[in-house]
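This report describes a predicted model. It turns to one pair of packed elements, then to the chain as a whole, and finally to a single residue.

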Amino acid sequence: MEARKNKIRYGIGIALTIILTIDLLPYLWLLVSSFRASDDPFTSSVLPSRYTIGNYVTIFQNEGMMRPFFNSLVVAVGATVITMVLSLLAAYGFSRYYFKGKDFLLGFLVNLRTFPALLLAIALYVMAVKTGLYNTYVPLILANTMMNLPFAIWNVKTVIDGIPKDLEESALVDGLSRTSVIWKIIVPVATPGLAATAIYVFILTWNEYLFATTFMNSNDMQLVTSVIASAVTQFGVDYGWLMTTAMLASIPAIIMFIAIQRFIVGGLTAGGVKG
C-alpha cells in the first residue's frame, strides 16, 4: 500500500512538473530572447544565434526609459486603490442588504464588463480634451477603474458572503458604527480575497494598451505598454527591444505575486466557506 502511495505521489509530481514547465516555457523563451541582438532575425532560429546584454544596456542608459515605468505604476496603483475602495463598499451593500432590483444590478454589472472599451475610450477622450485632462493620469485612472470595477465588485462580494454575519452583529452590539465594522471587521477578515482581487486589477491596468494610447501622446507621459508597442514600426520590428522591454515590464507583476502569494492562495477559497 505504501509503495502504491509513493508511485501516486511521484506520478503527481511528474505531472505537475510537466504542467509547470509548459506554463513557464513562454516566459523562459522571452527571457532568453531578450538577450538576442537586434540584427539577429527570428527567421534564423527560435533561440538567439548569439547573445548580448546590449539591449539592457541601451534601455538603462536611456534617461527617459524609466519614466514610462513610473507612469504605468502611478496609473496602476491609483486605479487599483480606487477600484478596491469602491468595490468594497458596493460589494458590502450587495452582500448584506436586500433591496428591489438587486439581482438586476448584479446581472447588469456582468454585462457591463462586456461593453466595448473602444466606445468608452472615445467618450472619455472627448471629455478629457474638453476638461483639459488630456495627457494627465486622471482619465487613465478613471477609465481603468470603470473597466475593472464590475469584476472587483463581484469578486469582493463573494468574499464577503463567506464572512459570518455574527461577527458584525457582535461588533454593532458593542457600539461600533457600520463604517467601523467594515474597516475593522470585514477588511481584516477578507484580506486574502481583497489582496487577490487587487493584484488582478493591478495586472489588468498595468497591461492595458487601448487607453494608454488614447489619452497620452506626450513622450513624458507614455506608459510602458506604449513603449513596448513602439518596437513595431512600418519598417520592421526591433525584436531585441521588444523582448527586453516586455521582460522588464513583467517584473513588477512578478514582484507583487511573490510579495502577496500567501494572500492569493487564501483568496482562492475565501468565498467558499460559510459561517
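## Packing of helices 8 and 9

Helix 8 (residues 178-189) packs against helix 9 (residues 191-206) at an angle of about 75°, and their axes lie 4 Å apart. Axes are lines fitted to C-alpha atoms, for helices over the stretch in contact, with angles running from 0 to 180 degrees between N-to-C directions. Helices (H or I, at least four residues) and strands (E, at least two) are DSSP runs numbered from the N terminus. Helix 8 and helix 9 are therefore roughly perpendicular to each other, a term for angles of 65 to 115 degrees.

Val187, Pro188 and Val189 of helix 8 meet Thr191, Pro192 and Leu194 of helix 9. By class, this contact of helix 8 with helix 9 comprises 5 nonpolar residues, 1 polar residue and no charged residues. Nonpolar covers Ala, Val, Leu, Ile, Met, Phe, Trp, Tyr, Cys and Pro; charged covers Asp, Glu, Lys and Arg; the others, Gly among them, are polar.

## The chain as a whole

The protein chain has 13 helices and 2 strands. Its C-alpha atoms fill a box of roughly 75 × 70 × 30 Å along the principal axes.

## Thr245

Thr245 belongs to helix 12 (residues 239-259). With 0% relative accessibility, Thr245 counts as buried (under 20% relative accessible area, 1.4 Å probe, protein chains only). Beyond its neighbours within four places in sequence, Thr245 is in contact (heavy atoms within 4.5 Å) with Ile59, Met65, Phe69, Val227 and Ile228.

## Basis of the values

Residues are numbered from 1 along each chain as its sequence is written, and side-chain values use heavy atoms, leaving out hydrogens and water. In this predicted model, local features need pLDDT of at least 70 and side-chain atom pairs count only at pLDDT 80 or more, whereas totals for chains, interfaces and linings use all residues.

Definitions and conventions. Angles under 35 degrees count as roughly parallel, over 145 as roughly antiparallel, 65 to 115 as roughly perpendicular and the rest as oblique. Buried means under 20% relative accessible area, exposed over 50%, partly exposed in between (1.4 Å probe, protein chains only).
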